[in-house]
Amino acid sequence: MVTTDEALSLTPRSWLKSLARGERKRLLGSALCGVLVGSQTVVVVVGLAWLIDQLIVHDRLPIDLLPVFALLVGSVLLRAAFQWGHETLSLEASLRIRQRARAQLLDKLSALGPIWLTSQHSGSLASQVVEHIDTLEGYFARFYPQLRITLYLPLLIVAVVGWLDYLVALFLLLSAPLIPLFMALVGMGAERLNRDQFVAVSRLSAHFIDRVRGMTTLQLFGRTSAAQQDVWHATDSYRRLSMRTLRLAFLSSAVLEFFSSVAIAVVAMYVGFGLLGYIEYGPSSSLTLFSGLAVLLLAPEFFQPLRTLSQHYHDRAAALGAAESVVSILNQPALVSERDFIPPLLASSVIELTAVSVAYPVRGQVIGPIDLTIKRGEVVAISGASGSGKSTLLALLAGFIAPSSGEYRRQENSQYAWLDQQPCLLHGSLIDNLCLASPRATREEMVTALQRAGFGPLLTQLPDGLDTLIGERGVGLSGGQAQRLALARVYLSNAPLVLLDEPTASLDQETEQFVMSALLELAQEGRTLVIATHHPEVIAVAQRHFAFNKGELVEAIL
């Protein structure tokens with residue numbers, strides 16, 4: 001698990017390493033199975049070369065070699081079993097790592113809170129949570145185990161080749177470093193392109209969602225064709241960037257294939273001329289059909305781990321590009337505090353603030369220091385000019401942001417209801433939107449809450465009743481109807497603390513009076529109301545009134 005201090009200093013590589021540490025046993029087990037797969041291949045190749053030598057050169061009968069045939073069949077079966085273990089362990093480790101990585105990212109988004117989320121594109125965040133995390137699959141399921149296999153399996157093969165002919169082993173050792181060297185040179189460019197590609201796809205997701213959300217406005221102003229062209233140009237740019245990335249990936253594979261083919265060809269020439277007697281240096285004079293055929297068959301197997309690694313090298317570049325975008329979020333300082341100990345409150349208090357200040361990284365201190373105690377059942381009005389800090393104070397009371405200094409105390413695990421001037425309504429039925437406040441509420445309880453909120457007359461006119469569909473952000477409802485639907489959620493929540501941010505803004509006088517009457521009913525039930533507003537009518541019904549003056553909260557005399 002990544003701690004807060006570690007998260008703020010993460011790099012893409014260190015984050016990937018920390019994820020791998022959590023599944024080290026499975027990943028190492030997968031790599032071990034991969035090496036064992038290669039070892040069984042060596043047994044089959046050497047055994048096959050020996051059988052051919054015995055049958056052709058020594059004229060032995062096949063029936064005399066049945067034990068060797070049985071050994072080769074057993075090696076093939078063992079190879080299949082090790083291959084199954086290699087793939088099963090790597091896929092299971094990759095799945096668990098992606099689950100943990102996605103949980104880390106979602107926990108971080110929760111710690112950053114709604115204030116930070118409102119400044120981000122939801123399409124970009126959704127792309128990072130889903131697509132960027134899924135991109136890690138190839139890295140942990142294929143590249144990471146294959147990297148370990150590539151470190152050990154060629155050494156095993158070169159040891160067997162050295163036992164048969166040390167000149168071939170020496171040549172393989174000299175040619176092997178050229179392949180990863182050129183792969184690394186090509187891979188650095190691929191890593192940069194993958195990073196740019198992930199940035200592009202995040203922007204494309206945000207661009208597309210913005211256009212979809214603004215479709216009504218675009219249609220009103222006759223700009224749908226221009227918006228369509230913008231989306232086309234953005235997708236075409238992403239296509240071109242993806243093709244450049246794929247070209248580099250194919251280039252890295254071509255480089256490896258070229259060098260490995262040249263090396264295998266040289267080994268084949270050495271074996272051929274050695275068997276014909278044209279080469280008499282070192283062990284070449286003692287080459288036999290068995291040793292020559294064995295080293296010739298083992299040469300491709302020596303380069304096979306490198307060839308497989310090259311095929312998965314694109315997974316590494318893609319994972320680093322995705323990790324960079326995720327780490328940029330994980331390195332953000334949390335806005336919501338995580339407190340293990342909450343000092344006790346007074347028996348009659350709901351929230352207590354002592355010398356609390358709130359500061360933002362760019363703007364500096366915006367409110368504070370503030371001393372405020374809110375009692376149970378009070379109706380508290382917070383007023384001030386636009387930008388004075390009313391919404392910041394409500395976000396602080398709700399726990400959306402943490403104080404930069406001072407002491408903030410609230411009842412542990414206390415529930416609260418939030419009513420905004422632009423309530424969050426989702427695309428779906430009325431039931432779907434009401435279930436956000438109380439997932440287990442019955443239809444009868446929903447109807448009662450809607451009637452108390454003044455939504456009853458409209459509900460009786462709707463042919464589908466509670467199953468009526470509304471659009472995102474309340475499309476299909478007027479501003480007052482949307483506010484009453486949100487008010488019904490407050491009734492359903494039964495939360496003892498209700499926070500309201502300009503709840504009567506943009507409402508007509510009749511709807512405003514109804515909403516305030518409904519809120520006062522909540523106060524009569526013993527709930528605590530904190531209202532940020534600049535309307536005199538709302539302030540008049542409050543029991544206490546506080547006003548912001550240059551970032552400080554001053555209580556006014558009612």
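Here are some friendly notes on this predicted model, point by point.

1. Ground rules. Residue numbers start from 1 along each chain as its sequence is written, and side-chain values use heavy atoms, with hydrogens and water left out. As the model is predicted, local features need pLDDT of at least 70 and side-chain atom pairs count only at pLDDT 80 or more, while totals for chains, interfaces and linings use all residues.

2. Confidence. The protein chain has a mean pLDDT of 82, with 88% of its residues at 70 or more; pLDDT is the predictor's confidence in each residue, from 0 to 100. Where pLDDT is low, predicted coordinates should not be read in detail. Helices and strands here are DSSP runs numbered from the N terminus (helices H or I, at least four residues; strands E, at least two).

3. Annotated segments. The unreviewed UniProt entry marks residues 27–52, 64–82, 147–164, 170–190 and 248–273 as "transmembrane region"; positions are in the numbering used here, feature names are shortened, and such annotations may be inferred rather than shown by experiment. In the model, residues 147–164 are 100% helix and 0% strand, with end C-alpha atoms 27 Å apart. Residues 64–82 are 89% helix and 0% strand, and their end C-alpha atoms lie 29 Å apart.

4. Gln-146. This residue sits in helix H6 (residues 136–164). Gln-146 counts as buried because its relative accessibility is 7% (buried is under 20% relative accessible area, exposed over 50%, partly exposed in between, using a 1.4 Å probe and protein chains only). Beyond residues up to four places away in sequence, Gln-146 touches Pro-305, Thr-308, Leu-309 and His-312; contact means heavy atoms within 4.5 Å.

5. Helix H17. Its 15 residues (479–493) span 21 Å from first C-alpha to last, close to the 21 Å expected at 1.5 Å a residue; the expected span is 1.5 Å times one less than the number of residues. Of the 15 residues in H17, 13 are buried. Just after H17, Asn-494 has a positive phi of about 60 degrees.

6. Val-498. Strand S8 (residues 497–501) holds this residue, which counts as buried because its relative accessibility is 0%. Leaving aside neighbours within four places in sequence, Val-498 has contacts including Ala-417, Val-490 and Arg-527. The C-alpha atoms of Val-498 and Arg-527 are 7.2 Å apart, although 29 residues separate the two along the chain.

7. Cysteines. The disulfide count is zero, taking a disulfide as a pair of cysteine sulfur atoms within 2.5 Å. Cys-33 is buried at 15% relative accessibility, whereas Cys-435 is partly exposed at 23%.
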